[in-house]
Amino acid sequence: MPDTRAIGLGAALLHVGVALLHALGGVSIRHDFPPSTWDFFWQNLPAEELTHRALQSLWHLHAQPPLWNALNAVLLKIFGEAQPEALQVLHVALGAAMAGMIVSITSRLTNSRAAGAVAGALVALDPALVLYEAFALYELLGAFLVTLIAWSVVRAMPGGRTRGLALALGATAALVLT
């Protein structure tokens, strides 16, 4: 029987395949929004500000925690007008990682690779996950960070290994900043 890493990788690849099929079928981050997808949401700093004055804008932002806008400032700098599509690709990668981590979490908590494989497949095939990957807000990043926290804590068990607990603490801080 394959180990949980191979099963997790399989769940992650399954999810990438599912997301690709949905993208080919028309699921797009630009689907339901006006041409300037990023500026559509009040939670996001304007793309113009993030592109040309990211540090000043993030420093003076009071309505939202800065991590989401900081991440997208980088995407805007690198990808320009293709930032929404780059964000969707990043979201698919986070969804794939979640499917893989769920295999590990479930396998460890149930002591069953089969249960881990089923849980990973359910996450990988979840249509809601694919739809949130095509949504230009922070729900997917938040779900990924919550999953990362659980994965880190489970990996730190039973002896409370420092690296896993430190990762959980870092992911918790990132979640708060998101």
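**Exercise 1. Thr-106 and its surroundings**

Does Thr-106 count as buried or exposed? Find its helix and its contacts too.

*Solution.* A word on the source before the steps: this is a predicted model.

- Step 1: Thr-106 sits in helix H5.
- Step 2: check the accessibility. Thr-106 has a relative accessibility of 18%. Buried means under 20%, so Thr-106 counts as buried.
- Step 3: list the contacts. Leaving aside residues up to four places away in sequence, Thr-106 touches Asn-111, Ser-112, Ala-115, Gly-116 and Ala-119.

**Exercise 2. A positive phi**

Take Asn-111, one of the residues touched by Thr-106. Where does Asn-111 lie, and what is its phi?

*Solution.* 

- Step 1: Asn-111 lies in the loop between H5 and helix H6, which spans 113-124.
- Step 2: most residues other than glycine have a negative phi.
- Step 3: Asn-111 is not a glycine, yet its phi is positive, at about 60°.
- Step 4: with a relative accessible area of 72%, Asn-111 is exposed.

**Exercise 3. H4 against H5**

Work out how helix H4 (residues 67-79) and helix H5 (residues 83-110) pack, and what kinds of residue make the contact.

*Solution.* 

- Step 1: two packed helices are described by the angle between their axes and the distance between the axes.
- Step 2: for H4 and H5 the angle is about 120° and the axes are 9 Å apart.
- Step 3: the two helices are therefore oblique to each other. Their crossing is right-handed.
- Step 4: on the H4 side, the contact uses Trp-68, Leu-71, Asn-72, Leu-75, Leu-76 and Phe-79. H5 brings Gln-83, Ala-86, Leu-87, Leu-90 and His-91.
- Step 5: sort by class, and you get eight nonpolar, three polar and no charged residues.

**Exercise 4. H5 against H8**

Now do H5 and helix H8 (residues 139-156). How are they oriented to each other, and which hand does the crossing have?

*Solution.* 

- Step 1: the axes come within 9 Å and cross at roughly 30°.
- Step 2: angles under 35 degrees count as roughly parallel, so H5 and H8 are roughly parallel to each other.
- Step 3: the crossing of H5 and H8 is left-handed.
- Step 4: pick out the residues. Among those from H5 are His-91, Leu-94, Met-98, Ile-105 and Arg-108. The H8 side includes Leu-140, Phe-144, Thr-147, Trp-151 and Arg-155.
- Step 5: by class, the contact of H5 with H8 has 15 nonpolar, four polar and two charged residues.

**Exercise 5. Zooming in on Ile-105**

Which residues does Ile-105 touch, once you skip those up to four places away in sequence?

*Solution.* 

- Step 1: Ile-105 lies in helix H5, and it is one of the residues in the contact with H8.
- Step 2: its relative accessibility is 11%, so Ile-105 counts as buried.
- Step 3: with the skipped neighbours out of the way, Ile-105 touches Thr-147, Ala-150, Trp-151 and Val-154.
- Step 4: Ile-105 and Ser-152 are 47 residues apart in sequence but 9.0 Å apart in space.

**Exercise 6. H1 against H5**

At what angle do helix H1 (residues 4-24) and H5 pack, and which residues meet?

*Solution.* 

- Step 1: the angle is about 150°, with the axes 8 Å apart.
- Step 2: the crossing of H1 and H5 is right-handed.
- Step 3: H1 supplies Thr-4, Ile-7, Gly-8, Ala-11, Ala-12, His-15, Val-16 and Ala-19. Facing them in H5 are Val-92, Gly-95, Ala-96, Ala-99, Gly-100, Val-103 and Ser-107.
- Step 4: the class tally for H1 with H5 is nine nonpolar, six polar and no charged residues.

**Exercise 7. Salt bridges**

How many salt bridges does the count come to, and which side chains meet in a salt bridge?

*Solution.* 

- Step 1: side chains of opposite charge can pair when their charged atoms come close.
- Step 2: the cut-off for a salt bridge is a nitrogen-to-oxygen distance within 4 Å.
- Step 3: Asp-3 and Arg-5 meet in a salt bridge, at 3.8 Å from N to O.
- Step 4: the count comes to one salt bridge.
- Step 5: Asp-3 is partly exposed, at 34% relative accessible area, whereas Arg-5 counts as exposed, at 69%.

Conventions. Residues are numbered from 1 along each chain as its sequence is written. This is a predicted model: local features need pLDDT of at least 70, side-chain atom pairs count only at pLDDT 80 or more; totals for chains, interfaces and linings use all residues. Side-chain values use heavy atoms; hydrogens and water are left out. Axes are lines fitted to C-alpha atoms, for helices over the stretch in contact, and angles run from 0 to 180 degrees between N-to-C directions. Helices (H or I, at least four residues) and strands (E, at least two) are DSSP runs, numbered from the N terminus. Angles under 35 degrees count as roughly parallel, over 145 as roughly antiparallel, 65 to 115 as roughly perpendicular and the rest as oblique. A crossing is left-handed if the near helix is turned anticlockwise from the far one by less than a right angle, and right-handed if clockwise. Contact means heavy atoms within 4.5 Å. Ala, Val, Leu, Ile, Met, Phe, Trp, Tyr, Cys and Pro count as nonpolar, Asp, Glu, Lys and Arg as charged, and the others, Gly among them, as polar. Buried means under 20% relative accessible area, exposed over 50%, partly exposed in between (1.4 Å probe, protein chains only).
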